[in-house]
Amino acid sequence: DGPERCNTTDTVLAYARNGIWYDALACVGELIEADPNNQKLLRLRERLGSDVGLGQKCRDPYDGMPTC
């Protein structure tokens, strides 16, 4: 088996539930790249960032992605 693909929010949530925050954020980022206007994905990314303690100070001013 290879690594799990980032093709659904279920994958993102599975990573997050298991404490694999970097991969969860990377996956939701990939999903957003494919569908940049999806408000559900944008809210999920914000929630994940909040859950791991990334505040506004750790946001890219151009795209809002976590930077720390």
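1. Read along the sequence, the protein runs α-α-α. Its secondary structure amounts to 3 helices and 0 strands. Helices (H or I, at least four residues) and strands (E, at least two) are DSSP runs, numbered from the N terminus.

2. This is a predicted model, in which local features need pLDDT of at least 70 and side-chain atom pairs count only at pLDDT 80 or more, while totals for chains, interfaces and linings use all residues. Residues are numbered from 1 along each chain as its sequence is written, and side-chain values use heavy atoms, with hydrogens and water left out.

3. Next, the overall figures. The protein has 68 residues, and 29% of them are buried. Buried means under 20% relative accessible area, exposed over 50%, and partly exposed in between (1.4 Å probe, protein chains only). The accessible surface is about 4,800 Å², with 48% of it belonging to carbon and sulfur atoms. These areas come from the Shrake-Rupley method with a 1.4 Å probe; for residues, only the protein chains shown count as cover. Take the contacts between residues at least 6 apart in sequence: 29% of them join residues at least 24 apart. Contact here means heavy atoms within 4.5 Å.

4. Helix H1 covers residues 9–17. Its buried residues are Thr11, Val12, Tyr15 and Ala16. Seen down the axis of H1, they fall within an arc of 135°, so they line one face of the helix. The arc is that of the directions from the helix axis to the C-beta atoms. An α-helix has 3.6 residues a turn, so residues three or four places apart point the same way. On the other side of H1, Asp10 and Arg17 are exposed.

5. Look at both ends of H1. Thr8 caps the N-terminal end, with a side-chain oxygen 3.2 Å from the backbone nitrogen of Asp10. The cut-off for a polar contact is a pair of N or O atoms within 3.5 Å; within protein, one must be able to donate a hydrogen and the other to accept it, and residues adjacent in sequence count only if both atoms are side-chain atoms. After H1 comes Gly19, whose phi is positive, near 75°.

6. Helix H2 spans residues 21–34, which is 14 residues. From first C-alpha to last it reaches 20 Å, close to the 20 Å expected at 1.5 Å a residue. That expected span is 1.5 Å times one less than the number of residues. The buried residues of H2 are Ala24, Leu25, Cys27, Val28, Gly29, Leu31 and Ile32.

7. Ala24 deserves a look. This residue sits in H2 and is buried, at 0% relative accessible area. Leaving aside neighbours within four places in sequence, Ala24 is in contact with Val12, Tyr15, Ala16 and Leu48. Ala24 and Leu13 are 11 residues apart in sequence and 7.0 Å apart in space, C-alpha to C-alpha.

8. The structure holds 1 disulfide. The term covers a pair of cysteine sulfur atoms within 2.5 Å. Here Cys6 is joined to Cys27, S to S 1.8 Å. Cys6 lies in the segment before H1 and Cys27 in H2, so the pair ties together parts that are 21 residues apart in sequence. The link of Cys6 and Cys27 is left-handed, with -55° about the S-S bond. Cys27 is buried, with a relative accessible area of 2%.

9. Helix H3 covers residues 39–51 and includes Leu42. Leu42 is partly exposed, at 24% relative accessible area. Beyond neighbours within four places in sequence, Leu42 is in contact with Ile32 and Pro36. Leu42 and Leu31 are 11 residues apart in sequence and 9.5 Å apart in space, C-alpha to C-alpha.

10. Arg45 is also placed in H3. Is Arg45 buried or exposed? Arg45 counts as buried, at 10% relative accessibility. Arg45 and Cys27 are 18 residues apart in sequence and 9.5 Å apart in space, C-alpha to C-alpha.
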